[in-house]
Amino acid sequence: MPASGSPSPSAPAAPRNHLIERRIRVAAALVAAGLVAQLVSFLWIHPLAFMAFLLIGLPLVAAGIVMFLLAILKASPPAA
Amino acid sequence: MNIPIWLGVAFTALAAVLTLLLAIKSELTRNAPGRVLAFLVLFILPVMASWGGFSAQMSRAESTRFCLSCHVMQDYGRSLMVDDPSFIPAVHYQNHLVPTGHACYTCHTTYTLFGPMDAKLEGLHHMYVEYLGTVPKPASIRLYHPYNNRECLHCHEGMRAFMTEPNHNKTPGLMAAILSDQKSCLSSGCHDTVHDIKDLGYASFWKPKP
């Protein structure tokens, strides 16, 4: 039985694509938010800007990248 | 390699725009070129942008402007402009004996293998105290460790003016004691006037001509 949220390889292509696209959309939104936070942190030379980069920008980008990698890993068909 | 900040910002902005495009048009990833694009936009570009951004932020954290951006440090910044050559930081700053843009870091990092990392960790501790702890009065601020001669000798060791200075050689063994940190450069009677911010009220200040 496939894990929850992971469609089996025999599942119809359209819903499967839809699920992958939704994950990629969320991952892209996280990465975009992180990159925007990083950009905003460059407006000031101040310890708070440094902390915003470190505690908001970097974790958001990292979360988005991990989510994207998980999405493409789960999307790949199992080896025969 | 020192990449100009505007180039890094432009790169990050481009990566953010492409990522947003992918967030809006995720159906682009249905074919093989789209998946390659997704890998580029959601992995390669953000990693490069974040690495470059981190490096730039670390570099900015070494700037004089960064250190003096906290209110508690402002008197220390003023002490760099005291018009008195006995003030060691002032004479170094005003004569460009240290890079003025990185003056605090130049003297307050430790010149050891992990010195720059130690300085960053101490900087994080400063931030913790500034935002979550009890901020001491500026005149009560003390270094975490006694100032090590190594930081002075990083530039001065081997300098003719330093090695031949009569006061550094007036007693046998004094130079060896200085070089081995047995006798502090900041000892009483030597270079003992450092920031001395409690005396700034009586000091006059040098104003460079524009």
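Predicted model: local features only at pLDDT ≥ 70, side-chain atom pairs only at ≥ 80, totals over all residues.
Residues are numbered from 1 along each chain as its sequence is written, chains are lettered from A and ligands numbered from 1 in the order in which they are written, and side-chain values use heavy atoms, with hydrogens and water left out.

- Helices (H or I, at least four residues) and strands (E, at least two) are DSSP runs, numbered from the N terminus.
- A:Ile24 touches A:Phe68, B:Leu22, B:Thr29 and B:Leu42, when residues up to four places away in sequence are not counted; contact means heavy atoms within 4.5 Å.

**Chain A as a whole**

- Chain A has two helices and zero strands.
- Buried residues account for 35% of the 80 residues in chain A; buried means under 20% relative accessible area, exposed over 50%, and partly exposed in between (1.4 Å probe, protein chains only).
- Among contacts in chain A between residues at least 6 apart in sequence, 60% join residues at least 24 apart.
- The accessible surface of chain A is about 4400 Å², and 75% of that surface belongs to carbon and sulfur atoms. Accessible areas come from the Shrake-Rupley method with a 1.4 Å probe, and for residues only the protein chains shown count as cover.

**Helix α2 of chain A**

- The 29 residues of helix α2 (residues 47–75) of chain A should span 42 Å at 1.5 Å a residue, and the end C-alpha atoms are 41 Å apart, which agrees. The expected span is 1.5 Å times one less than the number of residues in the helix.
- α2(A) bends by about 30 degrees at A:Phe53; the bend is the angle between axes fitted to the seven residues ending at a residue and the seven starting there.
- Buried residues of α2(A) include A:Phe50, A:Phe53, A:Gly57, A:Val61 and A:Phe68.

- A:Gln38 lies in helix α1 of chain A and is buried, with a relative accessible area of 1%.
- Leaving aside neighbours within four places in sequence, A:Gln38 is in contact with A:Phe53, A:Gly57, A:Leu58 and A:Val61 of chain A, and with B:Thr12, B:Ala49 and B:Ser50 of chain B.

**Aromatic pairs**

- A search of the whole structure finds four aromatic pairs over all chains. Rings of Phe, Tyr and Trp (its six-membered ring) pair if their centres lie within 6.5 Å; planes under 30 degrees apart count as stacked, over 60 as edge-to-face and the rest as tilted.
- The rings of A:Phe50 and B:Phe66 have centres 6.2 Å apart and planes at 75 degrees, so the pair is edge-to-face.
- This pair crosses between chains, from helix α2 of chain A to helix α3 (residues 64–67) of chain B, and both A:Phe50 and B:Phe66 are buried.
- The rings of A:Phe68 and B:Phe39 have centres 6.5 Å apart and planes at 45 degrees, so the pair is tilted.
- The pair of A:Phe68 and B:Phe39 also crosses between chains, from helix α2 of chain A to helix α2 of chain B.
- A:Phe68 is buried at 1% relative accessibility, whereas B:Phe39 is partly exposed at 35%.
- Ring pairs link A:Phe68, B:Phe39 and B:Phe43 into a cluster.

**Loops and end segment of chain B**

- B:His96, which is not a glycine, has a positive phi of about 55 degrees.
- B:His96 lies in the loop between α5 (88–94) and α6 (103–108) of chain B and counts as exposed at 59% relative accessibility.
- B:Asp181, also not a glycine, has a positive phi of about 65 degrees.
- B:Asp181 is in the segment after α10 of chain B and counts as partly exposed at 30% relative accessibility.
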